[in-house]
Amino acid sequence: MRTPDYDRSAQAAGIVHIGIGAFHRAHQAVYTDDAMGAGDGDWGITGVSLRSGDVAAQLNPQDGLYTVSTRSAAGTDLRLIGAVQRVLVAGEAAQDVIDAIASPATHIVSFTVTEKGYLRAADGSLDLAAARGASSLYRFVGAGLAARRAAGLPGLTLLSCDNLANNGAVLRALMRDYLAAAQPDLLDWFDRECRCPATMIDRIVPATTDADRTAVKAVLGARDEGAVVTEAFSQWVIEDDFAGPRPRWEDVGAELVADVAPYETAKLRMLNGAHSALAYIGLGRGHLYVHQAVADPGIHPLIERLMREEAAPTIDAAPGQDLSAYAEALMGRFANPALDHRLIQIAMDGSQKIPQRWLETLAWHQRRGQRCASLGAAVAAWIAFLRSDHPIDDPLADKLRDAAAAPDAMERLFGKGGLIASDWRPEPNV
Ligand code: CS2
């Protein structure tokens, strides 16, 4: 088993990561572990959980160490990751979180807080009441930045690693909205000193189950509470616009580029768009996992069409970006029989995911007078899901259920002033 090949105890913590779930541990933390293994020091990660204390309870007793199991049809590869040094629970150690952000050793604050963690109102602007709340990333970052300025320290790079369109610009705008309301004297300093690069992040990471932990124990000989399970594929495209030092992630597989948009758009509309369609259509047909749904002959062609004929034409590909090869690779990744990726996990937070995954594609075609049969079926499957007995895990759950139950469900969900803001307007027979 591969283990960290650098002196963990000699590394300063250069990164504070907010939202230290399984995805971060299988993605950015692995690149950072690789970078430190390649000799680039002082990029230890201080993890922060904004809500639950689960990850802190799993990782702190293990000194931040955990395994990543990479699973494919060929078997499982196990590796120990040393990049995470400790995990703070914001609600229990607020000052420690602020101190970590304000530490002279910190250069980057990164985020995987999921779509809903950005606390946006339906029109995309900051929900200021929520942003002033206890589990708001803005409060901690705002306080940490204020302490840095007071100490005469330089600003930071705020690195959003969530599946949002234009995640860097979105984070910058929301952070500015928060500062304008709560700490207006910091705005100019923020503009001068801080950067918010865009990123495209990609690795399929199902939620870890107890069966996964048991499988790891069989190999490791010890129980790893923080174990994560993933696929072999991993991709990270980052806009090269940092406020200060950063790990040499490009030496260990990340792509540092001037413009992330073509990669990000392709990923959101093709991979994530297909994922959400698989989730709702698959659940409707009684499947549990992605690999089952994509193998269903009643679903497979619909997903191919969604990616190749509906999403791909809307993307302004970068030179050398081959969307047909991308679609083919995605079908292979979805079919991975060794990864039990639950459809219900992807079905969660639909109100936050669907605009950038489906509705931008639908609007693009609508402007050209074209219909999208696959995305139309996906929208119908989401409404059927909202009407079904499945538990709805979504910040708008109650409103969605009510809207979906109404005879004019499409209007209430997607119409002007509906629950889901977008440029797409439902038509009869979408
Ligand atoms: C999935 C993503 O849960 C979901 O909504 O679509 O987490 C997906 O697995 C990742 O974005 C892959 O990079």
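Helix axes here are lines fitted to C-alpha atoms over the stretch in contact, and angles run from 0 to 180 degrees between N-to-C directions. By that convention, α10 and α15 pack at about 125°, with axes 9 Å apart. The model is predicted. Its ligand lies between two domains, because domain 1 (8–257) and domain 2 (261–414) both give residues to the shell around it.

**Confidence**
- The protein has a mean pLDDT of 97.
- A pLDDT of 70 or more is reached by 99% of its residues.
- For the complex, the predictor gives an ipTM of 0.99 and a pTM of 0.97.

**Ligand shell**
- Around the ligand sit Asn 163, Asp 202, Arg 203, Ile 204, Asn 272, His 275, Gln 345, Ile 346 and Lys 353.
- By class, the shell holds 4 polar, 3 charged and 2 nonpolar residues.
- Two helices, α10 (261–284) and α14 (343–347), each supply at least two residues of the shell.
- Domain 1 and domain 2 both contribute, so the ligand lies between them.

**Helix packing: α10 and α15**
- The angle between α10 and α15 is about 125°.

**Helix packing: α15 and α16**
- Helix α15 covers residues 350–367, and helix α16 covers residues 373–387.
- Their axes come within 11 Å and cross at roughly 160°.
- The two helices, α15 and α16, are therefore roughly antiparallel to each other.
- The crossing of α15 and α16 is left-handed.

Conventions. Residues are numbered from 1 along each chain as its sequence is written. This is a predicted model: local features need pLDDT of at least 70, side-chain atom pairs count only at pLDDT 80 or more; totals for chains, interfaces and linings use all residues. A residue is near a molecule or strand if its C-beta atom, placed from the backbone, lies within 6 Å of it. Helices (H or I, at least four residues) and strands (E, at least two) are DSSP runs, numbered from the N terminus. Ala, Val, Leu, Ile, Met, Phe, Trp, Tyr, Cys and Pro count as nonpolar, Asp, Glu, Lys and Arg as charged, and the others, Gly among them, as polar. Domain bounds come from an automatic or database domain assignment. pLDDT is the predictor's confidence in each residue, from 0 to 100. Angles under 35 degrees count as roughly parallel, over 145 as roughly antiparallel, 65 to 115 as roughly perpendicular and the rest as oblique. A crossing is left-handed if the near helix is turned anticlockwise from the far one by less than a right angle, and right-handed if clockwise.
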